[in-house]
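Good morning, and thank you for making time for this presentation. I would ask you to keep the display in view while I speak.

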Amino acid sequence: MATIEGFRVQNFRALRDVALGKLSGEQAGEPLTPFTVVIGKNGVGKSTLFDAFGFVADCLATDVETACDMKQRGGFERMRSKSVTEPIRFEIYYREAQNEYPITYELAIDLDANGRPFVLSEMLRQHRKNQKYDRPYPFLRLERGKGSVWAGEEAIGDSEEDSASSPVEITDPHELGISTLGTLKEHPLLEPDRNVSPSFGKFRDGLRRLVMMEDDL
Ligand SMILES: Nc1ncnc2c1ncn2[C@@H]1O[C@H](COP(=O)(O)OP(=O)(O)O)[C@@H](O)[C@H]1O
Ligand SMILES: [Mg+2]
């Protein structure tokens, strides 16, 4: 079963910086279980915590601007914590299955010069044990729509950022890379028959299933 073992939310409504469970690079946190319970008095941000997942799910299903304007969210300015000018950030630490290595997905959303929310940065990494590298293995790294994708396990060379990476550019700054790249068949590294595909469509679909939760608080 796919599980979220930890997450961090920053600058999202009442949640200035909240981390739960186990995160990348932190030995201390205990992984969340499927029965994690959130308790707190009214107004502390329980529903907000759930909508953080709902928001990421909507970003994956549509785009960040549409997700900001959906439902009761009221747009980016109302979603960013009051008196904060930093981006809204999410970090999700999850496993596709118990026998698979954990993945960290990081997302930062900010306002552009025209006051429209856009994807500031995105990173997808897998934490593989016994690898030559002590750093997590990257699949995708994007800043303002530009960055690199890495081909996958077969292509690991002597350095983390070796020739297996390929530059990518996302044309729509409101779309998530893992959504866009999941459908970008023409990119040589992403062709299914090349057998080197990191299959961003798989990451997107897996993450979407994980973040679709019901708020009953
Ligand atoms: N942009 C924002 N910045 C800071 N706080 C906010 C923002 N938007 C809403 N809040 C606060 O979030 C709280 C509501 O959180 P909510 O998740 O509904 O709480 P709960 O579900 O625990 O009752 C309110 O106190 C509200 O003032
Ligand atoms: Mg509530």
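First, the conventions. This is a predicted model, in which local features need pLDDT of at least 70 and side-chain atom pairs count only at pLDDT 80 or more, while totals for chains, interfaces and linings use all residues. Residues are numbered from 1 along each chain as its sequence is written, and chains are lettered from A and ligands numbered from 1 in the order in which they are written.

On confidence, pLDDT is the predictor's confidence in each residue, from 0 to 100. The protein has a mean pLDDT of 82, with 81% of its residues at 70 or more. Residues 188–197 have a pLDDT below 50, and this stretch makes 19 contacts in the model beyond near neighbours in sequence. A contact here means two residues whose C-beta atoms, placed from the backbone, lie within 7 Å. Where pLDDT is low, the predicted coordinates should not be read in detail.

Let me turn to the make-up of the protein. It comprises 5 helices and 8 strands; helices (H or I, at least four residues) and strands (E, at least two) are DSSP runs, numbered from the N terminus. From that terminus on, the order of elements is β-β-α-α-α-β-β-β-β-β-β-α-α. Of the 217 residues, 37% count as buried. A residue is buried if 20 or more other C-beta atoms lie within 10 Å of its own, exposed if 12 or fewer, and partly exposed in between, with C-beta atoms placed from the backbone. Among contacts between residues at least 6 apart in sequence, 53% join residues at least 24 apart.

Two strands are said to pair if DSSP finds at least two bridges between them. Strands of a sheet pair through backbone hydrogen bonds, either parallel or antiparallel.

Strand β1 (residues 3–12) is mostly covered, with 9 of its 10 residues buried. It is joined to β2 by 6 bridges and to β3 by 7 bridges. On the β2 side, F7 stands opposite L20; on the β3 side, G6 stands opposite Y93. Y93 in turn stands opposite T104 in β4. Strands β3 (residues 88–95) and β4 (residues 103–111) share 7 bridges, and one bridge pair is I88 with I109. I109 also stands opposite V119 in β5. Between β4 and β5 (residues 117–126) there are 9 bridges.

Is L20 buried or partly exposed? It counts as partly exposed, because it has 18 C-beta neighbours inside 10 Å. Not counting residues up to four places away in sequence, L20 touches G6, F7 and L32. L20 and L32 lie 12 residues apart in sequence, and their C-alpha atoms are 7.5 Å apart in space.

Next, the backbone angles. Most residues other than glycine have a negative phi, and most peptide bonds are trans. N11, not a glycine, has a positive phi of about 65°. N11 counts as buried because it has 21 C-beta neighbours inside 10 Å. R144, also not a glycine, has a positive phi of about 45°. R144 is placed in the loop between β6 (137–143) and β7 (146–150), and it counts as partly exposed because it has 14 C-beta neighbours inside 10 Å. In the hairpin of β1 and β2, with 2 residues between the strands, R13 takes a positive phi near 50°. The hairpin of β4 and β5 has 5 residues between the strands, and there G115 takes a positive phi near 80°.

Finally, the ligand. Which residues are closest to ligand 1? They are A14, G43, K46, S47 and T48, out of 15 that surround it; a residue is near a molecule if its C-beta atom, placed from the backbone, lies within 6 Å of it. Helix α1 (residues 46–61) gives the largest share of this shell, 3 residues. By type, the shell divides into 3 nonpolar, 7 polar and 5 charged residues. Here Ala, Val, Leu, Ile, Met, Phe, Trp, Tyr, Cys and Pro count as nonpolar, Asp, Glu, Lys and Arg as charged, and the others, Gly among them, as polar.
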